[in-house]
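Subject: Handing over a structure

Hello,

I am passing this structure on to you. Please have it open while you read the notes below.

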Amino acid sequence: TRSRAKLQYNLSVEGNSLGQLTISRKTRFAEEELERVEQLISLLVYPLSNAFKYREAIQSAFRDPLTGLNNRAMLQQTLERESQLSNRHGDDFSLVMIDVDKFKQVNDQYGHQAGDAVLTQIADIMREYGRGTDMLFRFAGDEFVITLSKTDRQGAKLLANRIREAVEQQAFTYKGHQLPASISMGVASLRQGESTDELFARADNALYAAKNKGRNCVCCDATLVE
């Protein structure tokens, strides 16, 4: 589409849209200028398409294919970056670990596809209640992790309980079957000079405390939170 001072081009390669390019200025474009612009665009579209494909490949390498959350490799990078920022600037940083209660029972009784349905619905709840600055991960199997930058233990506990309550109230179904689902959660906040391994171990210990307390609850640093 051409107008007096605006050019608009819908860019696509092999049927895949790359978006729209708009060029505008106060004076009318001469015919030779239009030809030059279109020559340059024809040189642009394939490198642009390759750049998008490369970005998608990089993102895919750090994304869990089932839930669409970040994966374990991305978690390691995030922990290192956030802990360095926290130790350097003195900002709060917290970690929430999540485990699906009696998940093996769901798989054994209803099948692995039913278990996958539970995991994807829990991931959706995490997205709904997570804040824009929170990062969500599927750590392994039925375990999830949330990292919360500039958030103290109290703030992390509040978010964890909101997610836990939402999971508790969710009606999980698969092919007409009502699926039992709840989560246990462990919360820990980074201490000054502490390593990411130490932080992770404390959150993991808090998670196990929640499991041992009867499940479907949140524990902070091995202390049960009602």
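Here is what was found in it, from the whole chain down to single residues.

First, the ground rules. This is a predicted model, in which local features need pLDDT of at least 70 and side-chain atom pairs count only at pLDDT 80 or more, while totals for chains, interfaces and linings use all residues. Residues are numbered from 1 along each chain as its sequence is written, and side-chain values use heavy atoms, with hydrogens and water left out.

**Overall build**

The protein has six helices and ten strands. Its radius of gyration is 24 Å, well over the 17 Å that the globule rule gives for 226 residues, so the protein is more spread out than a compact globule. The radius is taken over C-alpha atoms, and the rule is 2.2 Å times the number of residues to the power 0.38. Along the principal axes, the C-alpha atoms fill a box of roughly 75 × 50 × 25 Å. Helices (H or I, at least four residues) and strands (E, at least two) are DSSP runs, numbered from the N terminus.

Of the 226 residues, 44% count as buried. Buried means under 20% relative accessible area, exposed means over 50%, and partly exposed is in between (1.4 Å probe, protein chains only). The accessible surface comes to about 12,800 Å². Carbon and sulfur atoms hold 47% of that surface. These areas come from the Shrake-Rupley method with a 1.4 Å probe.

Contact means heavy atoms within 4.5 Å. Take the contacts between residues at least 6 apart in sequence: 63% of them join residues at least 24 apart.

Charges come next. There are 29 positive and 30 negative side chains, and the centres of the two sets lie 4 Å apart. Lys and Arg count as positive, Asp and Glu as negative; His and the chain ends are not counted. Each charge is placed at NZ of Lys, CZ of Arg, CG of Asp or CD of Glu.

**The cores**

A nonpolar core is a set of buried Ala, Val, Leu, Ile, Met, Phe, Trp, Tyr and Cys residues joined through side-chain atoms within 4.5 Å. The largest one has 33 residues, of which Val96, Val118, Ile122, Met126 and Ile163 touch the most other members. Elements that each supply at least two residues include β3 (93–100), α3 (103–110), α4 (112–129), β6 (172–174) and β8 (183–189). The largest share, eight residues, comes from α4.

Isoleucine 122 is worth a look. Beyond its neighbours within four places in sequence, Ile122 is in contact with Val100, Phe144, Val167, Phe172 and Ile183.

**The loop between β5 and α5**

Two residues here are set out together. Lysine 150 sits in the loop between β5 and α5. Lysine 150 is exposed, at 65% relative accessible area. Its phi is positive, about 50°, although it is not a glycine. Most residues other than glycine have a negative phi.

Threonine 151 is in the loop between β5 (143–149) and α5 (153–169). Threonine 151 is buried, with a relative accessible area of 4%. Neighbours within four places in sequence aside, threonine 151 is in contact with Asp92, Phe93, Ser94, Arg131, Ala156 and Ser189.

**Other sites**

- Lysine 175 lies in the loop between β6 and β7 (177–179). It is exposed at 67% relative accessibility, and has a positive phi of about 50° without being a glycine.
- Arginine 215 is in the loop between α6 and β9. It is partly exposed, at 35% relative accessible area. Residues up to four places away aside, arginine 215 touches Asp101, Lys102, Ser184 and Ala210.
- Arginine 81 is in helix α2 (residues 72–89). It is partly exposed, at 37%. Arginine 81 and threonine 196 are 115 residues apart in sequence and 9.9 Å apart in space, C-alpha to C-alpha.
- Alanine 30 is in the loop between β2 (16–24) and α1 (31–61). Its C-alpha and that of arginine 63 are separated by 47 Å, at 33 residues apart along the chain.

Best wishes
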